[in-house]
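Biologist: I have not looked at this one before. Can you take me through it?

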Amino acid sequence: MEKTRAVIFDMDDTLLLTREVKWNHHRHVARTSYGIELDDETLRTHWGKPFDEMIGHYYRHSATPDEMRAANASSAAQFPKQPVPGAVELVTRLLDEGAQVGVVTSTRTEMALADLTRCGFPVERLFLVQGADQSPVHKPDPAVFDNARALLADLGVADVTYVGDALMDEQAATAAGLAFVAITTGLFGEEEFPSGTRTVATIDELDAELG
């Protein structure tokens, strides 16, 4: 079947339940490795930034990026992300119906691939899993989609929708000329997105919105 459309997803709090468990993870690492007590304001302010930048703020640059990443990884298994209910099924349905499906996330690529695979997503069928380490720019910069758009252009796909939970997702997708659907499973409610934004509250609503 000719693939005539694409759906690209943000990952954290879009496909995977992330914020609550990972905020607890970051609190644990900050406390046990660096003697830092993280508050909600700090967590919220830097949440969603590229991973290395984010943990630098959370752990107050108390060590090198490699050392902070290792400190985070050492306890990651105690704080596993879980799939948003229905997300694996939605991604699989889109693929089965002939859509191209990809992921563009601020998480590092190796971590994204590991989490998506562990949670049962058909990673081998995705046209792209792009983490922060695979792009010189990051959301809300629309150039974060340059690689995805080039790959899709080669496949003859021009109908592209990005699904995300954050304002930076909307800003990047809209500026890049992509259709956008907001799912309010993260920090942002419907009222915080620009007027006219297509907004859903659950994966079931997203499934219906995407058709």
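Modeller: Helices (H or I, at least four residues) and strands (E, at least two) are DSSP runs, numbered from the N terminus. This is a predicted model: local features need pLDDT of at least 70, side-chain atom pairs count only at pLDDT 80 or more, and totals for chains, interfaces and linings use all residues. Residues are numbered from 1 along each chain as its sequence is written, and side-chain values use heavy atoms, with hydrogens and water left out.

Biologist: Where is His26?

Modeller: His26 sits in helix α1.

Biologist: Is His26 buried or exposed?

Modeller: His26 counts as buried because its relative accessibility is 2%. Buried means under 20% relative accessible area, exposed over 50%, and partly exposed in between (1.4 Å probe, protein chains only).

Biologist: What does the side chain of His26 make a polar contact with?

Modeller: With the side chain of Tyr59, at 2.9 Å. A polar contact is a pair of N or O atoms within 3.5 Å; within protein, one must be able to donate a hydrogen and the other to accept it, and residues adjacent in sequence count only if both atoms are side-chain atoms.

Biologist: Which residues does His26 touch, not counting those up to four places away in sequence?

Modeller: Among them are Leu38, Trp47, Phe51, Tyr58 and Asn72. Contact means heavy atoms within 4.5 Å.

Biologist: Changing topic, what is the strand order in the open sheet?

Modeller: The six strands run β5-β4-β1-β6-β7-β8, with parallel pairing. At the edges are β5 (128–130) and β8 (198–200), each pairing on one side only. Two strands pair if DSSP finds at least two bridges between them.

Biologist: How many bridges join β1 to β4?

Modeller: Four, between residues 5–9 of β1 and residues 100–104 of β4. Val7 has Val101 as its bridge partner in β4.

Biologist: Which strands does helix α7 touch?

Modeller: Helix α7 (residues 146–154) packs on the sheet and touches β1, β4, β5 and β6 (159–164). Its direction makes about 170° with that of β5. Axes are lines fitted to C-alpha atoms, for helices over the stretch in contact, and angles run from 0 to 180 degrees between N-to-C directions.

Biologist: How many residues are in the largest nonpolar core?

Modeller: 36, and Ile8, Tyr58, Phe145 and Tyr162 have the most contacts inside it. A nonpolar core is a set of buried Ala, Val, Leu, Ile, Met, Phe, Trp, Tyr and Cys residues joined through side-chain atoms within 4.5 Å. Helix α3 gives the largest share of this core, four residues.
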